[in-house]
Amino acid sequence: MIIVTGGTGHIGNVLVKKLLEKGHEVRIIVPPYEDLTPVKELDVQIEFADVRDEEKITSCFRNGSAVFHLASRISIFKRDKKVYEINVKGTENVIKACIKNGIKDLIYVSSVHALKEEPAKNIIRESKDFNPNNVIGDYAKSKAIATNLVLKSQNYGLEPVIVHPSGVIGPYDYKISFINKVIIDYINKKHIFSIKGAYNFVDVRDVAQGIILAWEKGKRGENYILSGETISIEQLFSYLEEITGIKKPQFTIDSNTALFFSYFADIYYHISKEKPTFTSYSIYTLKTNSNFSCEKAKKELGYSTRPIKQTVFDTVTWLKEYICN
């Protein structure tokens, strides 16, 4: 029995489908009152439990042979203390539950944000140095701490493998991520300007396949970057113009100007509780070095990715059918 925490998330529901296609029995662990639309009609066992509840999680892991730990709070705000409760305490509970149930295989979906930031033009590769002081923002710090916990779980008999996806994009995103919110706003003609900046994006389907490859072929105690292609926001909008026929914004503002105004956006989103698009942290991220190398995953796992332009096309097609209609 394969156990997947966060099975209704963007990566999670795609991963679950791929595991089922390979003939595995799957049990997903989701929070109480979770919307099950992403796994509707899938032949999976469903357990409702909060990863912060150690006793409940331990019970849900019974008879498991491997655990894929994806449950996480993703935040594009620089400060978000809730990420520590889920990303750190939750991961600690998952490790304890694996130990108590005698499960050795733990595949942890970390993030490239857990890796030490590097100066511009430097290639960012895997390391084992997950110091929260080397990264910016509560989300990145929480993932660094959690990743370190997973590495140290080897001292208790676990055989973990860690993956670090870059910016995930693609269809089947029922909860609507930051980047897909940007695409939806584009389709609805809400963008009046573009922003200077770029990031490394990867197709959710390629990430899900990479996670399975890490389980099947990855060396225990190792970590693998699952990155894709670095594109600018302007290039993304050019793709969207070509795909949708909707004219892209003709005005582009530099990242420093965007960063200034984004602080006011932070206040607005916190008050309104609306799903954010560009925040001060997301603008900061677009300015950072995102030259993530996935050569190790390609060489050791057979990992591969599709062109991001194809991903954008598939994403627009899916969003128009399921979200924007």
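What follows is a short chat about reading the strand pairing in this predicted model.

Visitor: What should I know about the numbering and the cut-offs here?

Guide: Residues count from 1 along each chain as its sequence is written, and side-chain values use heavy atoms, with hydrogens and water left out. As this is a predicted model, local features need pLDDT of at least 70, side-chain atom pairs count only at pLDDT 80 or more, and totals for chains, interfaces and linings use all residues.

Visitor: Which order do the seven strands of the open sheet take?

Guide: Strands of a sheet pair through backbone hydrogen bonds, either parallel or antiparallel. Strands are DSSP runs (E, at least two residues), numbered from the N terminus, and two of them pair if DSSP finds at least two bridges between them. Here the order is β3-β2-β1-β4-β5-β6-β10, with parallel pairing. At the edges sit β3 (45–48) and β10 (223–226), each pairing on one side only. Neighbours in this sheet are turned by 20 degrees against each other on average, direction ignored; the axes are lines fitted to C-alpha atoms, and angles run from 0 to 180 degrees between N-to-C directions.

Visitor: How many bridges join β4 to β5?

Guide: Four, between β4 (residues 66–69) and β5 (residues 105–109), which run parallel. For a spot to look at, A66 has D105 in β5 as its bridge partner.

Visitor: And what is the order in the open sheet of three strands?

Guide: That one reads β7-β9-β11, with mixed pairing. Its edge strands, β7 (167–169) and β11 (229–232), each pair on one side only. Neighbouring strands there are turned by 50 degrees against each other on average, direction ignored.

Visitor: In which sense do β7 and β9 pair?

Guide: Parallel, over three bridges, with β9 covering residues 198–203. Find G167 and you'll see F201 of β9 standing opposite.
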